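Please take a moment with the sequence and the model before I start talking through them.

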Amino acid sequence: MTVEAGLLDRRSWVSNAAIYQIYPRSFQDTDGDGVGDLEGIRRRLPYLRSLGVDGIWLSPIYPSPLADGGYDISDHSAVDPVLGTLADFDALLTQAQTSRLKVLLDLVPSHTSIEHPWFREHPEWYVWADGGPPNNWLSAFGGPAWSKDEHTGRWYLHSFYREQPDLNWRHPEVQEAIGQVMAFWLARGVDGFRVDAVDRLAKDPDLRDDHPATGPWLLPLPPEYGTLRHVHSRDAEDAHELVEVLRRYAREVALVGELYRPTEELKRFVNHFDLAFAFEFLFAQWHPRAIAPIVESAARLGRIAWVLSNHDFSRPASRLGEENLRLAATLLLTLPGAAFIYQGDELGLRDGPGIHPPFDRAGRDGARHPMQWDATPTGGFSSGRPWLPPVDPEHRNVEAAVADPHSLLTLYRRLLALRRSFGGEFEIVFVDESVLAYRRGQHTVTLNFGEEARGAVGEGVVVLSSEAESQPVAPPRGAVILQREGA
Ligand code: NOJ
């Protein structure tokens, strides 16, 4: 084996992996403070193992003033004391890896918290202007992307909240500093990183104005942010060179890129990543003729990580309706590439009401309510007062779903087990007004978006039906998978 092949092999696991996203503050509390912690995740590893996922991605675990739910980091090489200690992290990592679960951390290279010591100690690592905003760039969460620093009277750039100044990735010391952060976690043994906001690393060096939008973008944007075409405030021509720096520092571990871009526009980046998220399912019309082209183009591109939801968006149960969850699970877990499952989606958790005043000013609390482990009032999440209340543990919880052979969770388990036997080839074999069918090697998946039962496409024996039937029939808003005999 060549050295390069050997290195690649250390991360090839990710290309077809099923990865479970944990929002640590909302997964499992063990010290009664109402906030989830690393020890809670460690104790729940047997559940994740029995679900059948290959790994976990932890949303940020680092110290943070929580202006952006942890994506405003004040120390990249430490654990937030509310979540635990580095020793807790090491224990979690060791136990996960012993249970054959890989661990991806969230890497946030494009900005820090304004409370990060770097902001005062190394102001030159950030992007500044004198006398006022130098251009029309907007923050993704609304308002100008420039704010005045009251200490110096200068203006700093922030692509997100004003509490999150952007790092200047054109400064070699910034690259080195993030490289050291990666080295810190690599030395502890992590299996890779999900890289936040990759398309914000490279901005136009001349800070030219963005252009007015001429029509809607291919993915939805917040209304004010959508008034501009972000041609200079993100993704400068040389963006891939900066991404290459991340690749170098990541050495042999997996890198999953979060680029909020239509899949078609990911081409420039995917080579540096093992995977890039395809966000289209979060917004696509729930119709086979809308889903088919998305799948087709992503499959052509390769290196795709499919998602139905995450901590930023409405959950499938609320967005698509509970009647579509079995179909959605089958779609997510049978496509070529990797699949990311957001915690609680296997229970069909609905969006919660959030809380007043909100923790997240951009309105994303609803997707961050705690995991529901049992039917008690706090859902087994905490012995204290949860930072966000559980939504409906009496109706949906792990304990009940595990015991029910017809639950959505049981379907997730069966799909996760079956996907291990799928071949690499992928081909769409049928699309009409209700049905989308595709072949994965010897398996043919028939997804029925309609209200009437439909015959399974392809040949073979039924190896899975979303309604646990044994007939080669795709139930209404359900799915059936055939496997060619003798295969
Ligand atoms: C994407 C993260 O998923 C989101 O939660 C965060 O607000 C932005 N990046 C900025 O870090």
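What you see is a predicted model, in which local features need pLDDT of at least 70 and side-chain atom pairs count only at pLDDT 80 or more, while totals for chains, interfaces and linings use all residues. Residues are numbered from 1 along each chain as its sequence is written, and side-chain values use heavy atoms, with hydrogens and water left out.

Which residues are around the ligand? They are D68, Y71, H111, F141, F160, R194, D196, E258, H311, D312, R364 and R368, where a residue counts as near if one of its heavy atoms lies within 4 Å of the molecule. This shell divides into 3 nonpolar, 2 polar and 7 charged residues; here Asp, Glu, Lys and Arg count as charged, Ala, Val, Leu, Ile, Met, Phe, Trp, Tyr, Cys and Pro as nonpolar, and the others, Gly among them, as polar.

Looking at side-chain N or O atoms, we find one in D312 at 2.6 Å from an oxygen atom of the ligand, one in H311 at 2.8 Å from a ligand oxygen, and one in R364 at 3.0 Å from a ligand oxygen. Of the 300 Å² of accessible area that the ligand has on its own, the protein covers 97%, with areas taken from the Shrake-Rupley method and a 1.4 Å probe.

Let me move on to the strands, which are DSSP runs of E with at least two residues, numbered from the N terminus, and which pair if DSSP finds at least two bridges between them. An open sheet of 3 strands has the order 4-6-5 with antiparallel pairing, and its edge strands, each pairing on one side only, are strand 4 (128–129) and strand 5 (146–148). Strand 4 is joined to strand 6, residues 155–157, by 2 bridges, and W128 has Y156 as its bridge partner in strand 6.

Further along, strand 14 (residues 426–431) and strand 15 (residues 435–440) run antiparallel and are joined by 5 bridges, with F426 standing opposite R440, and a hairpin of 3 residues connects strand 14 to strand 15.

Finally, the backbone details. The peptide bond from H356 to P357 is cis, with omega near -5°, and L66, although not a glycine, has a positive phi of about 65°.

Note on methods:
A polar contact is a pair of N or O atoms within 3.5 Å; within protein, one must be able to donate a hydrogen and the other to accept it, and residues adjacent in sequence count only if both atoms are side-chain atoms. Helices (H or I, at least four residues) and strands (E, at least two) are DSSP runs, numbered from the N terminus.
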